[in-house]
Structure formats: C-alpha cells, structure tokens
Amino acid sequence: MSTPVPFSKPSSYCGFTWPAQPVQGMQSLKHNIGGRKIVADDFETILNEGMKHLTFDEIQKEQEQLHGVADDVVLGENTINDLLLSLKEQLCRLKKGSAYESSESRSQAYAGNRDLEMAFLRANEFDPKVSAEKLIKFFKYKQELFGEESLVRDITAEDLDEDDVKCLLEGHFQYSPFRDRSGRKLCLAFPGVRTKKMIRFELRARFYALANSVETLVDISKGTVIVYYVVHQYQDHLNGAGYMEVTEFFYVIPMNIRGNHICMSSRLDCMIYNACVAMVPYRERVKTKVHYGSHVECQYILASYGITRGALPLRGANNDMDLTYSNAWFQQRKMQEQESQSRNQLDSSLSESTTAQPSNSLSYTSSLMPSSGNENDVLCLGRVVKSVGNERLHSLGLLYATAFDNGSVKDRRKIVNGIIDEIHRHDGRFLKLDT
C-alpha cells in the first residue's frame with residue numbers, strides 16, 4: 001500500500017470539504033459495516049442516508065444544534081417526574097439479567113440516582129426508551145471495564161492502572177479549557193498521538209474522562225462538540241485500530257453530542273472515518289462535518305463554527321501538542337476525588353459519633369478560623385486560608401493558568417467568568433472579613 005499524500009485543491013459539496021483526486025493503492029482498503037462495503041467515496045451517500053430517514057423539521061433541528069442556535073428545552077417538574085417514571089418502566093422491562101439489575105440489587109440509591117437518570121434523558125432528547133437502552137449498556141460497559149465492584153460507585157483515578165494513566169496523559173483525548181461561541185464543552189481527539197496499546201486501556205481512560213462530565217447537568221443541557229483532529233502529524237499511524245469500539249462507546253456515555261467535526265489530510269483517514277460515520281445514528285450523521293486540508297485550512301473552518309485556534313492545545317507554527325491543560329485537569333480531578341473522599345469519611349465519623357462536642361470546643365475552633373457557615377465559600381482574608389472553597393479556587397487558578405496567559409482579553413474574561421460560575425455551582429460565595 002502506498003503512502004498517503006496530501007492533495008492540492010479540495011472541492012466542496014453537501015457541507016463537506018473533500019479531496020478532489022484519488023490516491024493510488026487506497027481503493028483496496030474497505031470496511032465491512034452491517035454486511036455492506038464502505039469505501040471512501042460513500043461519504044455523500046452516508047450523509048444523504050441520514051437525511052432521507054428524517055423529516056425536514058428534524059433535519060432543521062439537528063442543524064440548529066450543530067450551529068449552536070437551538071433553543072434550550074425547559075421542562076416543568078411534573079413533566080420531568082413523568083419522564084423519570086417512564087424511564088423506570090422501560091428499565092424494568094430491559095434490566096433482567098443485566099449489569100444494571102446487579103447494581104440495583106446491591107445499591108438502589110446508586111443505580112436509581114436521579115442525576116444520572118436525568119443525564120441520560122437530556123442526552124437522548126428526553127426519550128425514555130432510548131435512554132433506558134443506553135443506561136443498560138452504560139452499566140454493562142462499566143462492569144466489563146472495571147469489574148463487578150464498580151457497579152455501585154463512581155470511577156476514580158484509583159481505579160486506573162499504570163497503562164490507563166499513561167493512555168490518558170498521552171493527550172489523544174482531552175477537554176479544551178475553552179468552549180465554543182455557544183458555550184458548549186469541547187472534547188478533542190488527536191489519534192496521531194496514540195501509542196500501540198490494547199484498546200481496553202484506551203476505553204478505560206476514556207470512560208474515566210467522559211463519565212466525569214455526567215456530574216454537570218448544565219453541560220449536558222448545552223451539549224458537547226467533538227473535534228477529531230487527524231491532520232498531518234496527528235494522522236492515525238495505527239490505521240484506525242479500535243475506532244469501531246470507540247465510536248460505539250461514545251453513544252453509551254450520556255453525552256449530548258451537538259456536533260462532530262472531523263479534520264483530516266489523508267484519504268486513508270477518510271476511509272476509516274467513513275466506516276465510523278456509517279455506524280452512528282441518522283441524527284448524528286446530519287450533525288457531522290468533515291473538513292479536509294492543512295492545519296491552517298482546518299483551523300480556519302473550525303473557527304467559522306465558533307471553535308477558535310486557541311481552543312486547541314496546539315502551539316507554534318508547527319502545531320506542537322501542549323499537554324499542560326490536560327495534565328492539570330487530571331491532577332485537579334484527583335484532588336477533587338480526594339477531597340470528596342475525605343468529606344465522606346468525616347460525615348461517616350460524625351454520624352457514628354454518639355457524644356456531642358462541647359460548646360467551648362466549637363467556640364475555640366471558630367475563633368481560629370473565621371467561618372461563613374458554608375465550606376464552599378471563598379474567604380478573602382488577606383492570608384492563606386485552608387478551606388474547601390479556597391482550595392477549589394486555587395486549583396482552578398492552576399488549571400486555567402496557561403490558557404489565561406495565552407488567551408486574548410475576551411478569552412481571559414471567559415476564564416474568569418467560568419471560574420466564578422464554578423464556585424457558584426457548588427453554592428459558594430466570595431466573602432471578605434467584615435472589620
């Protein structure tokens with residue numbers, strides 16, 4: 001098979017930016033999906049296939065989501081309760097012999113967590129049947145990747161082994177510190193930095209990273225945009241190994257995917273991603289855009305969709321990978337997990353205690369540390385304060401430091417507002433000592 005080479009002038013049709021010339025030796029590479037052969041020139045066919053299964057209004061709705069102009073869905077409490085009840089009815093129908101049933105038998109509170117159920121409903125346009133099917137698969141994947149014990153608790157960094165962590169820190173899959181112009185979270189994939197390891201390590205690393213996004217229902221409401229960046233040095237040298245598993249995996253995690261952007265510079269990658277696109281639901285195909293060209297060309301096209309170059313962890317004229325934010329995200333995540341574990345242990349100790357603490361002890365403690373009555377508040381006392389709120393502010397500052405230094409005035413304002421929103425999301429306030 002010959003080495004893929006870049007093309008001179010890309011042609012465009014049906015919303016795709018596409019290479020105009022064939023590459024020798026590449027036509028023999030085919031993928032068999034659902035009993036039929038998928039070749040590079042099927043992209044238009046696959047897109048049209050998605051469109052012809054949807055009504056005009058449905059296509060319009062998906063396009064609005066892609067461009068970030070769709071209206072937010074606001075439901076009343078009664079409607080939400082009815083949807084949750086319908087979801088539970090669907091789960092009762094599907095759960096027999098499943099990992100979900102095993103989780104439910106061991107911890108009803110964990111398996112029936114309202115936030116998790118709402119996350120799946122929001123991610124699947126409030127369709128109880130589809131949400132139930134994906135929730136069943138979610139627990140199945142979790143059991144297969146992390147074992148039976150994981151069915152009754154969240155996955156933390158302690159569940160990852162050395163190979164999982166290495167895979168996570170390679171940077172082939174990471175979050176951006178910025179959002180697009182519609183305020184949506186950006187998930188970035190760089191297949192070219194993958195190393196030749198078992199697909200199991202990659203799936204475990206991705207599960208850890210993606211499952212954490214379930215925590216913020218605001219993010220699920222706004223949605224997530226995924227960018228696959230397969231340009232020049234980020235072309236996948238593993239020839240798509242594991243792509244099918246990863247593509248299926250994305251539609252098990254409760255992510256409200258509002259858009260997929262695939263940037264590439266090789267016809268071989270066109271074939272690989274063509275096969276992946278053929279696997280996704282029809283609605284998702286309408287929200288998928290494929291861009292072909294150099295770094296500059298692809299980044300220019302992404303900017304037209306509200307994804308600026310600064311949102312990508314690429315630096316300098318050579319577009320070298322910057323892993324500063326990705327590594328900081330992992331460290332902050334571990335710090336939050338340790339913080340949560342410590343609080344749970346403290347709550348457990350307090351609940352088991354049968355002796356009330358003397359009132360003078362409480363008075364003595366409060367005299368050492370001014371308290372607002374809320375551990376999530378940020379106390380501005382002109383000195384270092386060891387509190388949950390202040391530690392969170394400090395970790396967020398470290399997390400966004402590089403992005404803040406390299407960002408424009410507009411980007412910096414977004415970062416500051418984002419940090420303030422994160423403190424408020426935990427019911428924290430910014431307080432100073434009243435003298």
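# Exercises on salt bridges and helix packing

The protein chain has 18 helices and 13 strands, where helices (H or I, at least four residues) and strands (E, at least two) are DSSP runs numbered from the N terminus. This is a predicted model, in which local features need pLDDT of at least 70 and side-chain atom pairs count only at pLDDT 80 or more, while totals for chains, interfaces and linings use all residues. Residues are numbered from 1 along each chain as its sequence is written, and side-chain values use heavy atoms, with hydrogens and water left out.

## Exercise 1

State what share of the residues of the protein chain is buried, and what share of its contacts joins residues at least 24 apart.

Solution. Step one is burial: of 435 residues, 48% count as buried. Buried means under 20% relative accessible area, exposed over 50%, and partly exposed in between (1.4 Å probe, protein chains only). Step two concerns contacts, that is, heavy atoms within 4.5 Å. Among contacts in the protein chain between residues at least 6 apart in sequence, 76% join residues at least 24 apart.

## Exercise 2

Find the salt-bridge partner of Lys-61 and say which parts of the chain the pair ties together.

Solution. A salt bridge is a side-chain nitrogen of Lys or Arg within 4 Å of a carboxyl oxygen of Asp or Glu. The structure holds 20 salt bridges. In one of them Lys-61 pairs with Glu-125, and the closest N and O atoms are 3.8 Å apart. Lys-61 belongs to helix H2 (residues 56-66), whereas Glu-125 sits in the loop between helix H6 (114-123) and helix H7 (128-146), so the pair ties together parts that are 64 residues apart in sequence. For accessibility, Lys-61 has 38% and counts as partly exposed. Glu-125 is partly exposed at 31%.

## Exercise 3

Solution. Arg-114 is partly exposed, with a relative accessible area of 38%. Glu-77 counts as partly exposed too, at 47%.

Glu-117 is in helix H6 and Lys-88 in helix H3, so parts 29 residues apart in sequence are tied together. Glu-117 is buried at 2% relative accessible area, while Lys-88 is partly exposed at 34%. Elsewhere, salt bridges that share partners join Arg-194, Glu-202, Arg-206 and Asp-236 into one network.

## Exercise 4

Describe how H3 packs on H7: angle, axis separation, handedness and contact residues.

Solution. First, the geometry: H3 and H7 pack at an angle of about 50°, with their axes 8 Å apart. Axes are lines fitted to C-alpha atoms, for helices over the stretch in contact, and angles run from 0 to 180 degrees between N-to-C directions. That makes H3 oblique to H7; angles under 35 degrees count as roughly parallel, over 145 as roughly antiparallel, 65 to 115 as roughly perpendicular and the rest as oblique.

Second, the handedness: H3 passes H7 in a right-handed crossing. A crossing is left-handed if the near helix is turned anticlockwise from the far one by less than a right angle, and right-handed if clockwise.

Third, the residues: H3 contributes Leu-83, Ser-86, Leu-87, Gln-90, Leu-91, Arg-93 and Leu-94, which meet Pro-128, Lys-129, Ser-131, Ala-132, Glu-133, Leu-135 and Ile-136 in H7. By class, the contact of H3 with H7 has 8 nonpolar, 3 polar and 3 charged residues. Here Ala, Val, Leu, Ile, Met, Phe, Trp, Tyr, Cys and Pro count as nonpolar, Asp, Glu, Lys and Arg as charged, and the others, Gly among them, as polar.

## Exercise 5

Solution. On the H6 side the contact is made by Leu-116, Phe-120 and Leu-121, and on the H7 side by Pro-128, Ser-131, Lys-134, Leu-135, Phe-138 and Phe-139. The residues of this contact divide into 7 nonpolar, 1 polar and 1 charged.
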